[in-house]
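Please open the structure in a viewer and keep the sequence at hand.

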Amino acid sequence: MTRSEISRGSLRSRDRNPAFQEQWHAHVVAIVELLLASGKLDAEDWSQTLGAELEKRARAGETDNDATYYGAFKAALERVLDRTGIASCSEVDGRESEWRRAYLTTPHGKPVALPS
């Protein structure tokens with residue numbers, strides 16, 4: 001089995017369907033898991049923040065699907081990062097813009113790198 005086959009296999013559920021519809025879904029979950037495990041995020045605060053974000057979307061009539069759930073997950077993470085001082089909303093937005101510029105201007109097949 002190749003490394004890419006192992007990686008793809010680890011992102012599949014038992015019924016062989018993808019566990020995550022988008023790669024960024026797995027990334028945002030991994031970030032939260034690492035922050036919780038390291039003690040940088042409080043589990044109760046995280047749970048309440050995610051719950052409030054999901055409730056807000058439900059009240060707005062958003063469809064209950066992966067896009068809504070992971071959108072809420074990402075928004076909750078951004079709120080907690082800002083509130084705890086780990087990263088402000090403007091820092092997160094700036095970094096996201098830097099990554100977008102970097103991957104849009106990187107030639108195909110070359111590694112994406114952020115400016116120093």
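Is phenylalanine 73 buried or exposed? Select it: phenylalanine 73 is buried, with a relative accessible area of 6%, where buried means under 20% relative accessible area, exposed over 50% and partly exposed in between (1.4 Å probe, protein chains only).

Before continuing, note that this is a predicted model, in which local features need pLDDT of at least 70, side-chain atom pairs count only at pLDDT 80 or more, and totals for chains, interfaces and linings use all residues. Residues are numbered from 1 along each chain as its sequence is written, and side-chain values use heavy atoms, with hydrogens and water left out.

**The aromatic residues**

Five aromatic pairs are found in a search of the whole structure; rings of Phe, Tyr and Trp (its six-membered ring) pair if their centres lie within 6.5 Å, and planes under 30 degrees apart count as stacked, over 60 as edge-to-face and the rest as tilted. The rings of tryptophan 46 and phenylalanine 73 have centres 5.0 Å apart and planes at 70 degrees, so this pair is edge-to-face. The pair links distant parts of the chain, 27 residues apart: tryptophan 46 belongs to helix α3 (residues 43-59) and phenylalanine 73 to helix α4 (residues 66-84). Helices here are DSSP runs (H or I, at least four residues), numbered from the N terminus.

Next, select tyrosine 69 and tyrosine 70, another edge-to-face pair, at 4.9 Å centre to centre and 85 degrees between the planes. Tyrosine 69 is partly exposed, at 30%, whereas tyrosine 70 is buried, at 9%.

**Along α4**

Now display α4 as a whole. It has 19 residues and reaches 27 Å from its first C-alpha to its last, close to the 27 Å expected (1.5 Å times one less than the number of residues). Its buried residues include Gly71, Ala72, Leu77 and Val80. Among the elements that cover the buried residues of α4 are α2 (23-37), α3 and α5, with contact meaning heavy atoms within 4.5 Å.

At the start of α4, a side-chain oxygen of asparagine 65 comes within 3.2 Å of the backbone nitrogen of alanine 67. Just after the helix, select glycine 85, which takes a positive phi of about 85 degrees.

**Last stop**

Finally, select threonine 106, in the segment after α5 (89-105). Leaving aside neighbours within four places in sequence, threonine 106 is in contact with Pro111 and Val112.

Technical notes: Helices (H or I, at least four residues) and strands (E, at least two) are DSSP runs, numbered from the N terminus. A polar contact is a pair of N or O atoms within 3.5 Å; within protein, one must be able to donate a hydrogen and the other to accept it, and residues adjacent in sequence count only if both atoms are side-chain atoms.
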